[in-house]
Number of protein chains: 2
Amino acid sequence: MPKRKTLTVRMRIRIYAGDRMLGPGKMELLSHIDETGSLSAAAKQMGMSYMRAWTLVKELNRDRSRPMVEMSRGGASGGTAKVTRFGRKILTLYQKMERAGNKAAGPYGRRLARLLK
Amino acid sequence: MPKRKTLTVRMRIRIYAGDRMLGPGKMELLSHIDETGSLSAAAKQMGMSYMRAWTLVKELNRDRSRPMVEMSRGGASGGTAKVTRFGRKILTLYQKMERAGNKAAGPYGRRLARLLK
């Protein structure tokens, strides 16, 4: 675990729906794909291998009727990745959930962190 | 990852204060110690080795002027463990933080889980 000098509260929220899991890793990847339009660029930003990112995208797209990422191969750039409307809906909800959770937990977290100093 | 049939939202909150970290594992252990009065019983309830539990207690007690668990050795029962007043204060705050975070994040989590079904 890296040493951190400041007080921080870190919240990780995972959603389990049947055997699907959606957590911070996949959501961060989705947001980087949205930003860069490229799976390899998104993977790079996260210090993640392309293979690993590809595996996560497959999971994000497991419901084939509603993929979250559209991959297109070929072209000079070596293919692009695009977050679908459904993917963006999920991402937005997840981010709202994180913000709401953090906002509510924050004051307690800061009190705890001060007590632990 | 175990399959879960129901929709669940699982939130894990970690507090980083300097190089100390306080998260769900240590807090769950603390609550089991409080319940059982014994480190080995608490470890057993969590499916954790005694050694591992002991390591966590050492971290909980790193600030020697304010330990969270009081261990006493010997006796027929092989020693007892007791959550200190400071330990209980930390535990209570952590549980309040979890409840507040979950309550705020819950509605978004349930919407997400339904979308993912």
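Modeller: Two strands are said to pair if DSSP finds at least two bridges between them. With that term in hand, we may begin at the strands of this predicted model. Strand β1 of chain A, residues 8–17, pairs with β1(B) in the antiparallel sense, and the pairing runs over 9 bridges. Within it, R10(A) stands opposite R14(B), a residue of β1(B).

In terms of residues, 42 of chain B are in contact with 42 of chain A. The size of an interface is often given as the accessible area lost when the parts come together. Here the area buried between chain B and chain A is about 3900 Å², and carbon and sulfur atoms give 71% of it. Y16(B), L115(B) and L116(B) supply 20% of the area that chain B buries against chain A, more than any other three residues.

Consider next which elements form the side of chain B that touches chain A. Those giving two or more residues are β1 (8–17), β2 (20–22) and α4 (85–116) of chain B. The largest share comes from α4(B), with 18 residues.

Across the interface of chain B and chain A, the rule finds 0 salt bridges. Between the two chains, 3 residue pairs are in polar contact, counting pairs with both residues at pLDDT 80 or more.

Methods
Residues are numbered from 1 along each chain as its sequence is written. Chains are lettered from A and ligands numbered from 1 in the order in which they are written. This is a predicted model: local features need pLDDT of at least 70, side-chain atom pairs count only at pLDDT 80 or more; totals for chains, interfaces and linings use all residues. Side-chain values use heavy atoms; hydrogens and water are left out. Contact means heavy atoms within 4.5 Å. Buried area is the accessible area (1.4 Å probe) that two parts lose on being put together, summed over both. A salt bridge is a side-chain nitrogen of Lys or Arg within 4 Å of a carboxyl oxygen of Asp or Glu. A polar contact is a pair of N or O atoms within 3.5 Å; within protein, one must be able to donate a hydrogen and the other to accept it, and residues adjacent in sequence count only if both atoms are side-chain atoms. Helices (H or I, at least four residues) and strands (E, at least two) are DSSP runs, numbered from the N terminus.
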